[in-house]
Amino acid sequence: MDILVSVITGVLLVIGALGTIFPILPGSILVIIGLLIWAIVIGGPVGWTVFGIGLLLSGSGMAASALLTGKRLKQREIPNRSILTGAVVGIVGAFVIPVVGLLLGFVLGLYASEWYRLRDPKQAWDASVVAMKSVGLGMLIEFACAGTAIAVWLVGLFLHF
């Protein structure tokens with residue numbers, strides 16, 4: 001049973017790490033759920049310590065991502081509507097154009113929203129670049145925290161078996 005749960009947890013952790021980069025998946029949430037399942041089944045100090053550290057890391061990554069992204073967007077007065085438009089167009093793009101559709105759709109949706117808001121292509125592009133950098137930095141931080149949580153799980157896995 002421990003081996004089966006560990007394999008399932010590993011799959012959830014990998015999908016969760018990918019979810020921090022591809023916003024279609026609930027990245028850090030899947031990492032936390034995977035670690036919680038592992039802690040419940042494995043139990044003991046190792047399982048719960050791994051869960052506690054992983055929860056702290058994943059939660060910190062989500063919070064840092066949201067705070068840093070939000071701060072940069074507020075500094076440039078870029079509304080959340082533009083990011084949401086980019087995300088929706090990106091999700092549609094992922095189905096229309098495999099592999100690059102998500103990124104291409106996000107950029108096009110973000111730029112179109114900013115162009116509509118600012119009525120100036122140059123200002124819209126500048127605002128879009130700032131927004132893309134902010135979102136990218138947030139994703140990178142969240143991915144790093146999820147990766148560190150996975151590393152902690154790997155150490156716990158080694159200690160358990």
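## Helix H1

The buried residues of H1 are Val5, Ser6, Thr9, Gly10, Leu12, Leu13, Gly16, Ala17 and Gly19. This is a predicted model. The cover over these buried residues includes H2 and helix H6 (121–160).

H1 covers residues 2–19, which is 18 residues. At 1.5 Å a residue the helix should span 26 Å, and its end C-alpha atoms lie 25 Å apart, so the two values agree.

## Ser28 in helix H2

Ser28 belongs to helix H2, which runs over residues 27–42. Its relative accessibility is 2%, and because buried means under 20%, Ser28 counts as buried.

Leaving aside residues up to four places away in sequence, Ser28 touches Gly16, Thr20, Ser58, Met62 and Glu142. One of these, Gly16, is also among the buried residues of H1.

## Ala63 in helix H3

Ala63 sits in helix H3, residues 44–75. With a relative accessibility of 36%, Ala63 counts as partly exposed. Ala63 and Gly138 are separated by 75 residues in sequence, and their C-alpha atoms are 9.3 Å apart in space.

## Helices H4 and H5

Helix H4 (residues 80–96) and helix H5 (residues 101–118) have axes that come within 6 Å and cross at roughly 145°. The crossing of H4 past H5 is right-handed.

On the H4 side, the contact is made by Arg81, Ser82, Ile83, Thr85, Gly86, Ala87, Val89, Gly90, Ile91, Gly93 and Ala94. On the H5 side, the residues are Gly101, Leu102, Gly105, Phe106, Gly109, Leu110, Ser113, Glu114 and Arg117. The residues of this contact comprise 8 nonpolar, 9 polar and 3 charged.

Notes
Residues are numbered from 1 along each chain as its sequence is written. This is a predicted model: local features need pLDDT of at least 70, side-chain atom pairs count only at pLDDT 80 or more; totals for chains, interfaces and linings use all residues. Side-chain values use heavy atoms; hydrogens and water are left out. Helices (H or I, at least four residues) and strands (E, at least two) are DSSP runs, numbered from the N terminus. Buried means under 20% relative accessible area, exposed over 50%, partly exposed in between (1.4 Å probe, protein chains only). Contact means heavy atoms within 4.5 Å. The expected span of a helix is 1.5 Å times one less than its number of residues. Axes are lines fitted to C-alpha atoms, for helices over the stretch in contact, and angles run from 0 to 180 degrees between N-to-C directions. A crossing is left-handed if the near helix is turned anticlockwise from the far one by less than a right angle, and right-handed if clockwise. Ala, Val, Leu, Ile, Met, Phe, Trp, Tyr, Cys and Pro count as nonpolar, Asp, Glu, Lys and Arg as charged, and the others, Gly among them, as polar.
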